[in-house]
Amino acid sequence: MKSALKSCASALLLCLGFTAATAIAQIDWKQAQGTEIRFLMNKHPFTTFIEPRVAQFEKMTGIKVAIEAFPEDQYRNKLIVELNAGGKVDGYMIMPGQDDLYHWKAGWLQPLDGFIADPKLTDASWDPKDFFASFAKSSSVDGKRIGVVINAETSLLAYRKDLFTKFNRKVPVTMAELEDTAKFFHGKEVDGKKLVGITLRGKGAAATSQWVDFLYTFGGSWTDAKGKSNFASPEDIAAFKFYGDLLRNYGPQGGTMLHWAESTSSFMEGKAAMIYDANVFKSLYENPKESKVAGLVGYTVIPAGPKGLQLPHVSNWSLVIAKNSAAQRQKAAWLFVQWATNKENSLAALLAGVPSGRTSAWASKEYKAGDKTPDWTAATMKSFDIGQGQWNPPVINVPEIRDITGLVIVAAIEGKDVTEAAKKAAELMDKKSDM
Amino acid sequence: MTTALSAVARYVDRRQRFFFPAPAVAVLFLIIVLPIAFNLYLMFTKWTVGLGEPRFIGWDNFVEIFGDERVWNGVKVMIYFSGASLALELFFGLMIALYFNRTFRGSEAVQAIYIIPFAATPVAVALIWRIMLNPEIGVINYLLTSIGLPPGLWVASPDTVIATLVMVDVWKWTPMITLIVLAGLKSLPHDPYEAARIDGCNALQIFWYITLPLIRPVLIAALMLRSLDNLKEFDMIYTITQGGPGIASETLYLYSYNVSFGFFKAGYGSALMVIVFLVVLVFNVLMNRLRRDASLV
């Protein structure tokens with residue numbers, strides 16, 4: 001009892017010490033007192049996490065924050081309409097890998113470099129170097145930082161640990177091994193069920209977000225040095241072909257209609273030996289109420305391509321500041337963004353299930369103590385380190401070009417002439433791209 | 001004061017024909033005339049929603065339409081889907097109406113059950129079909145394999161997707177044709193039938209020479225009603241396939257939707273919508289002419 005009291009007291013002292021230490025380095029949080037700011041947000045888990053904490057920020061700074069959150073589809077529409085009409089928006093959320101060019105060209109994004117560099121505006125403890133480099137890079141356009149990551153994602157190869165042990169198979173580290181492993185498991189009967197080797201998204205445009213990891217890993221790219229479509233290059237064609245063949249030969253029936261929901265449910269039903277999809281679907285695979293494979297899944301980064309390249313994509317939601325907003329409100333908005341993405345909030349968000357873009361959060365004792373899938377964490381960390389932030393075609397009309405890309409993926413899955421389909425898509429992409 | 005008021009009253013009174021319909025006209029103008037006019041303006045512009053203002057480009061959108069492979073694919077899918085489903089619905093609708101056009105035990109109950117697909121909400125029904133047709137977890141393949149038949153790919157294969165969608169459409173909409181034709185059959189006069197029977201006609205002859213010519217205007221009316229919806233069929237196809245696999249079931253109407261609301265290209269999308277409108281219009285003008293000819297007989 002006595003020792004418990006003692007340790008409590010020393011913990012308290014330590015805490016006080018810390019607050020005192022940070023208090024010295026702190027900026028003047030009251031500098032924008034009395035300002036009112038308005039943020040438009042997607043009803044994302046991060047929003048749900050931060051909303052109840054906003055009162056703390058308001059108390060600390062005297063800034064009044066109005067957050068308006070909507071479900072994603074509705075949010076995107078409302079955001080475009082409001083920004084287009086020059087509405088009073090001081091900050092909002094975007095997915096830079098998808099939206100940054102569009103918003104940048106429309107002149108809606110305020111570069112943040114000036115705020116970050118100003119020691120009066122940015123607290124030293126915010127530590128910009130603590131963010132994974134891949135996310136800092138993907139939240140930048142034309143070399144200017146336009147957002148701060150609040151939700152970090154990537155894609156991973158998930159596999160059935162139990163089956164790999166049972167059949168004594170190694171986890172694939174190259175694309176050739178991946179194909180070989182898929183072939184090995186395809187058609188095997190386990191518990192009266194016929195397995196498929198691997199399941200992937202195949203539904204046209206929806207498949208591009210995972211296919212792109214194969215594209216990069218095979219050494220391909222969306223566009224060449226001149227900004228023209230690169231689909232007809234040997235690397236791009238190889239990536240289309242490999243992905244299509246893999247799904248056609250060793251995947252579920254009707255591959256061209258697989259969206260993530262169909263693909264993940266097939267894996268969760270125990271019908272597939274492997275799946276390549278978003279890392280956050282771990283929460284689906286590991287949920288014993290929904291999934292028959294909970295606790296049996298291992299995770300690893302994308303296998304290396306023919307030239308040894310390993311380049312998955314990373315995607316994120318970022319908080320940005322509106323260019324249209326007045327200087328004083330922008331200052332207040334930056335204080336809010338800074339506070340929302342500080343180390344303390346990033347860690348709390350991660351513990352609440354919102355994957356953070358800060359290395360310190362993932363490396364913390366608190367996170368590690370509760371981590372039930374350390375191989376998932378390790379694979380996610382590696383992917384964040386090596387990942388590429390640009391996961392969509394570098395154009396303004398992303399949905400249209402993704403749609404055109406999807407047609408080649410479908411042709412590849414159907415076993416049609418990939419070279420011809422890719423050439424046709426390249427022409428179409430050049431014709432329809434808005435740069 | 002009173003004189004001023006009564007002057008106003010007299011003024012309104014004398015122009016009743018302008019004032020009384022005015023609210024209705026204003027609403028119609030806002031919700032019908034204005035959007036159509038805006039659409040007609042947009043089809044001559046290039047405009048991605050959110051990026052700048054609409055830019056006038058003349059007939060360029062229509063030039064692009066002629067060179068756009070997906071437009072031709074959409075037309076092909078539309079002809080295949082609508083041709084097959086309308087023909088089958090008309091055929092089965094007529095046959096089933098003939099079957100129902102007599103009294104038998106429980107005929108009312110059977111008819112009530114029969115119209116359920118037609119009465120059900122299209123999107124809800126389509127969602128259930130989508131799950132049932134899934135080649136991996138769908139109940140249809142489960143039933144087929146459990147009686148020893150090979151499973152099908154249904155909407156997951158470009159070769160069978162339209163036939164499968166036609167099947168769902170026929171299942172859902174045949175009852176509507178049946179109801180209309182049945183009402184027509186019930187109103188037919190009895191005399192020609194009695195005369196034919198006295199003259200010794202068999203059932204087939206009666207159907208071919210009496211029922212069919214008499215019912216033709218009703219059939220064409222049913223076809224027109226159905227084709228209005230069918231040619232711009234959206235909810236069922238969108239819910240089950242979204243135009244997939246690839247673009248194998250992407251009708252012109254679906255493609256217009258994708259361009260307008262998926263790619264946000266409002267100018268090109270408006271031009272496509274006008275083409276769809278013209279197709280439906282031309283088809284219905286032709287049908288209407290057929291119907292007028294038929295009623296003259």
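How many cavities of 30 Å³ or more does a search of the whole structure find? The search finds three, where a cavity is a set of points on a 1 Å grid over the protein atoms alone at which a 1.4 Å probe fits but cannot get out. This is a predicted model, in which local features need pLDDT of at least 70 and side-chain atom pairs count only at pLDDT 80 or more, while totals for chains, interfaces and linings use all residues. Residues are numbered from 1 along each chain as its sequence is written, chains are lettered from A in the order in which they are written, and side-chain values use heavy atoms, with hydrogens and water left out.

The largest cavity has a volume of about 60 Å³, a volume being the space filled by probe spheres set on the grid points, which are joined across faces, edges and corners. It is lined by 13 residues, and those closest to its centre are Phe46(A), Val149(A), Ile150(A), Ser346(A) and Ser356(A); a lining residue has an atom within 4 Å of a point. Strand 6 (147–160) and helix 15 (343–351) of chain A each supply at least two residues of this lining. Here helices (H or I, at least four residues) and strands (E, at least two) are DSSP runs, numbered from the N terminus. By class, the lining of the largest cavity has eight nonpolar residues, four polar and one charged. In this scheme Ala, Val, Leu, Ile, Met, Phe, Trp, Tyr, Cys and Pro count as nonpolar, Asp, Glu, Lys and Arg as charged, and the others, Gly among them, as polar.

Next comes the meeting of the two chains. In chain B, 31 residues are in contact with 24 residues of chain A, contact meaning heavy atoms within 4.5 Å. The size of an interface is often given as the accessible area lost when the parts come together. Between chain B and chain A the buried area is about 2200 Å², and carbon and sulfur atoms give 53% of it; this is the accessible area (1.4 Å probe) lost on putting the two parts together, summed over both.

Side chains of opposite charge can pair when their charged atoms come close. Six salt bridges are counted between chain B and chain A, each being a side-chain nitrogen of Lys or Arg within 4 Å of a carboxyl oxygen of Asp or Glu. One salt bridge joins Arg70(B) to Asp403(A), with the closest N and O atoms 2.6 Å apart. On the side of chain B that touches chain A, strand 1 (45–48), helix 5 (69–100) and helix 14 (252–262) of chain B each supply at least two residues. That side has 15 nonpolar, eight polar and eight charged residues.

A pocket is an open set of points with protein on both sides within 12 Å along at least five of seven lines. Of its 37 lining residues, Leu407(A), Lys424(A), Glu69(B), Arg70(B) and Ile247(B) are the closest to the centre. Helix 20 of chain A gives the most to this lining, with eight residues. The lining of the second largest pocket divides into 18 nonpolar, three polar and 16 charged residues.

A cis peptide bond, with omega about -5 degrees, joins Gly244(B) and Pro245(B). In chain A, Asp127(A) has a positive phi, near 50 degrees, in a residue other than glycine.
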